[in-house]
Amino acid sequence: MTPIKDEAWILEHFIKSAESWADVIIIADQNSTDGSREIALKSNKVHLIENRSDTFNEPERQKLLLEAAREFGGNNILISLDADEAFSSDATASKEWKTMLDAPAGTNFCFRWVNLCPDVECCWSPKAHHVWGFVDDGRPHIGNAIHSPRVPLSETKIFFEQIRVLHFQYVDWARMQSKQRWYMAWEYLNKTTESTTQLHRTYSHMYMIRNSDIQQISPSWLTPDQRKFFNELKGPELYRWDFLMKELIEEHGLSEFARIPVWEENRADYISGETTAWKITSDFRDPRSIRQKFLQRWLRFTTKRHFKLLNFLVDPILKKLGA
């Protein structure tokens, strides 16, 4: 079960990976204009449904996908992956795969998330497992406005170690930065977090990775085609998220976004070794005050994990100052 909106950059590779293990690939397309629909319809396994909403709508799209999956009968195994995710290519050959196939109804499947670095040779992986699967027992799904669980949650869970969910978002670092800017602006407008300080910390997690957390990926996780595709990947100068950000600014005004850090070049990070400018901001003047610039630069400077204790003491003060 996969939601898409303008995912042509990776969709063909996603479908090819999913075809190797899925009986049906249910894709909910949200008004794509980049050829995603045409790519999806090339596969005989794809069941394409329409998400006609014009707004960001995690609970609604998850409901659409779940209802479509249940039309294929009960007690099926439901896996929810985004288009920039895939099971490790050795998943079906593992003993854990049979464990998943034999699980009783009402079981959640929890996997480790492997975030691939831009070189597609190394990665980092959070310690916590995430729920990506469910043996359907008909229970309702309760979603959140953002960062919602993708499938109904159960008390019964199986935690897998060999099967991994590969996450390709960070392979195109500039695309990731563009997307994160828009998500930050959306959360700020919709007041989903208690402060802009917390918002900044949430969307800086990729800069908090320690060198010791970076590890080589297993050769068995990627197919030769995947390696070739990501090694040769070249993104556009501007991404759709840049234009969406511009639309938000035009709708809400420059001053509305002075409190969130989207106005400067993103600082270089040691994983990608590159600095990416949001070029479209040249159309606008920077609305931040000197105080706001100072506070945001402090937040950016203290992103690294070794500032954790300092941030614990200082962040409550910054929240009171309006950062």
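## Basis of the values

The model is predicted, and local features need pLDDT of at least 70, side-chain atom pairs count only at pLDDT 80 or more, and totals for chains, interfaces and linings use all residues. Residues are numbered from 1 along each chain as its sequence is written, and side-chain values use heavy atoms, with hydrogens and water left out.

## Overall fold

The protein has 10 helices and 10 strands; these are DSSP runs numbered from the N terminus, with helices (H or I) of at least four residues and strands (E) of at least two. Its radius of gyration is 20 Å, close to the 20 Å that the globule rule gives for 323 residues, so the protein is as compact as a globular protein of that length. The radius is taken over C-alpha atoms, and the rule is 2.2 Å times the number of residues to the power 0.38. The C-alpha trace spans about 60 × 45 × 40 Å along its principal axes.

Of the 323 residues, 50% count as buried (under 20% relative accessible area, with exposed over 50% and partly exposed in between, using a 1.4 Å probe and protein chains only). Among contacts (heavy atoms within 4.5 Å) between residues at least 6 apart in sequence, 73% join residues at least 24 apart.

Helix H3 (residues 58–70) has 13 residues and reaches 18 Å from its first C-alpha to its last, close to the 18 Å expected at 1.5 Å a residue; the expected span is 1.5 Å times one less than the number of residues. Its buried residues are Glu58, Arg61, Gln62, Leu65, Leu66, Ala68 and Ala69. Seen down the axis of H3, these buried residues fall within an arc of 165 degrees, so they line one face of the helix. The arc is that of the directions from the helix axis to the C-beta atoms. The buried residues of H3 pack against strands S1 (2–4), S2 (25–29), S3 (46–50) and S4 (77–79).

Helix H5 (residues 173–190) has 18 residues that should span 26 Å, and its end C-alpha atoms are 26 Å apart, which agrees. In H5, 16 of the 18 residues are buried, so this helix is largely enclosed by the rest of the structure. Lys191, which follows H5, has a positive phi near 50 degrees.

## Pairing of strand S9

Strand S9 (residues 156–167) pairs with strand S5 (residues 85–87) in the antiparallel sense over 3 bridges; two strands pair if DSSP finds at least two bridges between them. Here Glu85 has His167 as its bridge partner in S9. Strand S6 (residues 107–116) runs parallel to S9 and is joined to it by 8 bridges. Arg112 has Arg164 as its bridge partner in S9.

## Cysteines

The count comes to 0 disulfides, a disulfide being a pair of cysteine sulfur atoms within 2.5 Å. For Cys110, the nearest cysteine sulfur is that of Cys123, 20 Å away. The sulfur of Cys117 is 3.2 Å from that of Cys122, the closest cysteine sulfur, which is too far for a bond. Cys110 is buried, at 2% relative accessible area, and Cys117 is buried at 1%.

Pro126 is in the loop between strands S7 (122–124) and S8 (130–135), and is partly exposed at 27% relative accessibility. Not counting residues up to four places away in sequence, Pro126 touches Arg112, Trp113 and Asn115.

Asp315 lies in helix H10 (residues 308–320) and is buried, at 11% relative accessibility. Leaving aside neighbours within four places in sequence, Asp315 is in contact with Thr197, Arg201 and Leu299.
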